[in-house]
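I opened this notebook to keep track of what I looked up, entry by entry. Each entry takes up one topic.

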Amino acid sequence: MFLRLLFVLLVALNIAVGAWLLLGQDGVYARSVTDPGVPMLHLLSEQPPAAAAAATAPAPPASAAAAAPAASAPPPAPSPAPSPPQNSGPLRANSYACIAIGPFATPQDLRNARAALAAQTARMRSRQEQTTQTRGWWVYLPASASRAQALALAGRLEAAHVGEYFVVGSGDQSNTISLGLFKDPANARKRRDEVVAAGFPAQMSERVETVPEYWLDVAVADPGRFDWRRRVRAEGVGSHSTGCF
């Protein structure tokens, strides 16, 4: 009897403890399931329909998201084209004319002209050229094979009364008989014809030599007003246009 009563008391005690644990003070001793400051997670089924649709929508790709701001931004305005440089005046290279003055016979004549024209020119240069110059016309008898033959021919000239001759004894014209050197070709022809008429094979040739010429090139701004002849005193000097330097 006592055991049955004890068993009933134990059952009643378990029922009472279970009811107290199930129904007693849930809000006071219940612990939070998340850490402080972390929002509570909710299932999609617990959320409103609009929020659930927004949450389930697929996120756009990263490349599309990055390209969207660039596409919406307006294109940069083109930079203005640089303005061309303005000319401050006419080109200096086109404002000069160049003249060659010469030839001068000696370097001293060239230096005198350079000093006289320095104030009237923008630039000057001196130059030397080689040219052939006539030294006269030579009348002669061709060279003989030997000195003895040349002297014998000279004796024949003397016998024919052909005077004013000279037997060349050395150099390129050795054994030649010179009959005279003339500046005027007409006089040289007259002498040749006289000797030929006397029966001798006289010949005539021009004597030339290479000599230097001296020139002065000048650049002037106004060639119409450039009168070099008033300042340069040299015989046989002229001028002509030349390429600028």
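I started with Asn175, which counts as buried at 12% relative accessibility. For this I took buried as under 20% relative accessible area, exposed as over 50% and partly exposed as in between, with a 1.4 Å probe and protein chains only. The model is a predicted one, where local features need pLDDT of at least 70, side-chain atom pairs count only at pLDDT 80 or more, and totals for chains, interfaces and linings use all residues. Residues are numbered from 1 along each chain as its sequence is written, and side-chain values use heavy atoms, with hydrogens and water left out.

Entry on backbone angles. I noted that most residues other than glycine have a negative phi, and most peptide bonds are trans. Asn175 is not a glycine, yet its phi is positive, about 70°. I placed Asn175 in the loop between β3 and β4 (177–182). Helices (H or I, at least four residues) and strands (E, at least two) are DSSP runs, numbered from the N terminus.

Glu164 is another residue other than glycine with a positive phi, near 55°. I found Glu164 in the loop between α6 (147–159) and β3 (166–167). Is Glu164 buried or exposed? Glu164 counts as exposed, at 72% relative accessibility.

I also looked up a peptide bond. The one from Gly102 to Pro103 is cis, with omega near -5°. Pro103 belongs to strand β1.

Entry on Arg191. I located Arg191 in helix α7 (residues 185–197). Its relative accessible area is 12%, so Arg191 is buried. Which residues does Arg191 touch, leaving aside its neighbours within four places in sequence? I listed Val139, Val162, Gly163, Glu164, Leu179 and Phe182 as being in contact with Arg191, where contact means heavy atoms within 4.5 Å.

Entry on the disulfide. A disulfide is a covalent bond between the sulfur atoms of two cysteines; the cut-off used here is a pair of cysteine sulfur atoms within 2.5 Å. The structure holds one. Its partners are Cys98 and Cys244, with sulfur atoms 2.2 Å apart. The pair links distant parts of the chain, 146 residues apart: Cys98 sits in strand β1 (residues 97–104) and Cys244 in the segment after β6 (238–241). The torsion about the S-S bond is about 115°, so I wrote the disulfide down as right-handed. Cys98 is buried at 4% relative accessible area, whereas Cys244 is partly exposed at 48%.

Entry on aromatic rings. Rings of Phe, Tyr and Trp (its six-membered ring) pair if their centres lie within 6.5 Å; planes under 30 degrees apart count as stacked, over 60 as edge-to-face and the rest as tilted. By this rule I counted one aromatic pair. The ring centres of Trp138 and Tyr140 are 4.4 Å apart and their planes are at 20°, so the pair is stacked. Trp138 and Tyr140 are both buried.

Entry on Val17. I placed Val17 in helix α1 (residues 2–23). Val17 is partly exposed, with a relative accessible area of 43%.
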